[in-house]
Amino acid sequence: MTTTAKPLPVPTAVTAPYWEGCRRGVLLLQRCTACHAVQLPPQRHCGSCLGDALEWQPAAGTGRITSWTVVRHPMSAAFAADVPYAVAIVALDEGPTMMARIRDCDLDALHVGMRVGVGFEPRSETIALPYFRPAR
Ligand SMILES: [Zn+2]
């Protein structure tokens, strides 16, 4: 049997606040109240001091592309209609990096250092996936 449904993230106790933020259109980062480190993806403990006093704070939603690729061959039938599309590593202005699709951009215009801003694509009643587009 072939499925064409795109996979969706399944929130856990640790990641649920992040996904709820995405659903509301807010990119959230974890901030350690002990050492002030900011991190993404969500973890149970601070990656800097291993403390567990983490709080959520909204990110500006802006950053720079540090690496990117154009997907021309779909990984599964679910993505066949999407190719070609771009995926990038984005260094957020707060420091953490994240991987996401790049939308609303001429693929030939992609470059390292390109300023981008976050957007959210609703994919179900509870999940919206973050993506980036060129900053205006
Ligand atoms: Zn810490």
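**Terms and values**

Modeller: The protein chain has one helix and eight strands. This is a predicted model, in which local features need pLDDT of at least 70 and side-chain atom pairs count only at pLDDT 80 or more, while totals for chains, interfaces and linings use all residues. Residues are numbered from 1 along each chain as its sequence is written.

Biologist: How do you know whether the radius of gyration of the protein chain agrees with a compact globule?

Modeller: The radius is taken over C-alpha atoms, and the globule rule is 2.2 Å times the number of residues to the power 0.38. For 136 residues a compact globule would have a value near 14 Å; the protein chain has 16 Å, which agrees.

Biologist: Why is Gln43 called partly exposed?

Modeller: A residue is buried if 20 or more other C-beta atoms, placed from the backbone, lie within 10 Å of its own, exposed if 12 or fewer, and partly exposed in between. Gln43 has 14, so it is partly exposed. Gln43 lies in the loop between strand 2 (38–39) and strand 3 (54–58). Of the 136 residues in the protein chain, 18% count as buried.

Biologist: What does Gln43 touch, not counting residues up to four places away in sequence?

Modeller: Contact requires C-beta atoms, placed from the backbone, within 7 Å. By that rule Gln43 touches Val14 and Gln30.

Biologist: What makes a set of residues a nonpolar core, and which residues have the most contacts inside the largest one?

Modeller: The set must consist of buried Ala, Val, Leu, Ile, Met, Phe, Trp, Tyr and Cys residues joined through C-beta atoms within 7 Å. The largest has 15 residues, and Ala88, Val90, Ile102 and Phe132 have the most contacts inside it. Strand 5 gives the largest share, four residues.

Biologist: Which residues of helix 1 are buried, and how do you know on which side they lie?

Modeller: In helix 1 (residues 16–23), the buried residues are Tyr18, Trp19 and Cys22. Their arc, that of the directions from the helix axis to the C-beta atoms, is only 95 degrees, so they are on the same side of helix 1. Their cover includes strand 1 (28–32), strand 7 and strand 8.

How values were computed. Helix = DSSP H or I, 4+ residues; strand = E, 2+ residues; numbered from the N terminus. Contact = placed C-beta atoms within 7 Å.
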